[in-house]
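Here are my notes on the two-chain model you asked about. Have a look at it first, then read on.

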There are 2 protein chains.
Amino acid sequence: MTNPVTIDAVPGTSYADITREFDAPVEALFGAHADPELFVQWIGPRRLENTITAWDFRTGGGYRFEQRDADGSVYAFRGMFHTIRENEIIIQTFEFEGWPDGVSIDVIRFEALPGGRSRLVDHGVFESIETMDAFLKEGMTDGLEQGYERLDELLARG
Amino acid sequence: MTNPVTIDAVPGTSYADITREFDAPVEALFGAHADPELFVQWIGPRRLENTITAWDFRTGGGYRFEQRDADGSVYAFRGMFHTIRENEIIIQTFEFEGWPDGVSIDVIRFEALPGGRSRLVDHGVFESIETMDAFLKEGMTDGLEQGYERLDELLARG
């Protein structure tokens, strides 16, 4: 059984809310976002291999990672951590380097649920509706669903 | 004569475009955003005294500054520089610490105009319509207009 991903995009705006529950405590969910050795194992679709090229997980730090497909094509992403509060919130910028200056900001909230479960709500705000539509169309949703399934598997391995 | 500030906010969205022309070359306009000793002289309304408490003007750096009024009240602002390209663009996050997590991202473009003049277009994207409305209502527009007038004066002193 897989928990569903819900994407709420309000028409005419440039933001979308991604909601996903996990069968793991909030500390483990947050930790899989904080620790590069965990993050690298789940972010993005299964067919791409991740490499983290920069990681400084603190308020004021930043990150960069690359995703490589079987043909050797590389997709790189980078951003800054504007705010981090452990087990509660990550506010970060995000940019696909193949879409220069198409930056977005994610306000990712982590919530504890009863029974050792947790919920993630990622409020993504894009600099334009065009950028948001491009991301939603270019398989961001596949990447999200598969990424969160891989995160389920990682959390289940404990 | 003062160049007008134009604020275009599209109803129902959480972004606004601020456009302002300056009677100075783009290099001087950009420099007044880059150099903390210049920035401190013009940002915000006249009645507030600025102090820069952090400044690292590079892609991946960050900033923080405080504005103090005659009563001693302090308003602090901070953010990260996601992208900087000299005389062309600054992409930065922005947060008023008195409105926690109400972060916005500014895509500030600098353009050279004929006759040694220049134009700034600040595309501000807020994480919610509520945050944008609060900023527009709470005197952001006064701060902008007065700030840019002070910037005119600074640039005229050359």
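How many bridges join strand 5 of chain A to strand 6 (residues 89-96) of chain A? There are 6, and the two strands run antiparallel. Before the rest, some ground rules: this is a predicted model, where local features need pLDDT of at least 70, side-chain atom pairs count only at pLDDT 80 or more, and totals for chains, interfaces and linings use all residues. Residues are numbered from 1 along each chain as its sequence is written, chains are lettered from A and ligands numbered from 1 in the order in which they are written, and side-chain values use heavy atoms, with hydrogens and water left out.

1. A:Phe77 has A:Phe96 of strand 6 as its bridge partner. The two strands make a hairpin with 3 residues between them, and A:Asn87 in the turn has a positive phi of about 65 degrees.

2. **The other neighbour of strand 5.** Strand 4 (residues 62-68) of chain A is joined to strand 5 of chain A by 7 bridges, again antiparallel. A:Arg68 sits opposite A:Val74 there. This hairpin has 5 residues between its strands, and A:Gly72 takes a positive phi near 90 degrees.

3. **What is enclosed in chain A.** Of the 12 residues of strand 5 (residues 74-85), 9 are buried, so the strand is largely enclosed by the rest of the structure. (Buried means under 20% relative accessible area, exposed over 50%, partly exposed in between, with a 1.4 Å probe and protein chains only.) Helix 1 (residues 26-34) of chain A is also largely enclosed, because 7 of its 9 residues are buried. Among them are A:Leu29, A:Phe30 and A:His33.

4. **A hairpin in chain B.** Strand 3 (residues 49-55) and strand 4 (residues 62-68) of chain B run antiparallel, with 6 bridges joining them. B:Asn50 stands opposite B:Gln67. The hairpin leaves 6 residues between the strands, and B:Gly60 in the turn has a positive phi of about 100 degrees.

5. **The interface overall.** In contact terms (heavy atoms within 4.5 Å), 29 residues of chain B meet 29 residues of chain A. The area buried between the chains is about 2,000 Å², with carbon and sulfur atoms giving 58%; that is the accessible area (1.4 Å probe) that two parts lose on being put together, summed over both. B:Met80, B:His82 and B:Asp101 supply 31% of the area that chain B buries against chain A, more than any other three residues.

6. Chains A and B share 2 salt bridges, a salt bridge being a side-chain nitrogen of Lys or Arg within 4 Å of a carboxyl oxygen of Asp or Glu. One to click on is A:Arg85 with B:Asp101, whose closest N and O atoms are 2.7 Å apart. A:Arg85 also forms a salt bridge with A:Glu88 (3.1 Å, N to O). A:Arg85 is partly exposed at 29% relative accessibility, and A:Glu88 is partly exposed at 38%.

7. A:Asp101 has a positive phi of about 70 degrees although it is not a glycine. A:Asp101 is in the loop between strand 6 and strand 7 (104-113) of chain A and is buried, with a relative accessible area of 10%. Over in chain B, B:Asp101 has a positive phi of about 70 degrees, is found in the loop between strand 6 and strand 7 of chain B, and is buried at 10%.

8. **Salt bridges within the chains.** The whole structure has 26 salt bridges over all chains. B:Arg117 pairs with B:Glu21 (3.0 Å, N to O). B:Arg117 lies in strand 8 of chain B and B:Glu21 in strand 2 (residues 15-22), so the pair ties together parts that are 96 residues apart in sequence. B:Arg117 also meets B:Asp23 in a salt bridge at 2.8 Å, N to O. In chain A, a network of salt bridges links A:Glu21, A:Asp23, A:Glu111, A:Arg117 and A:Arg119.

Notes: Pairing = 2+ DSSP bridges. Helix = DSSP H or I, 4+ residues; strand = E, 2+ residues; numbered from the N terminus.
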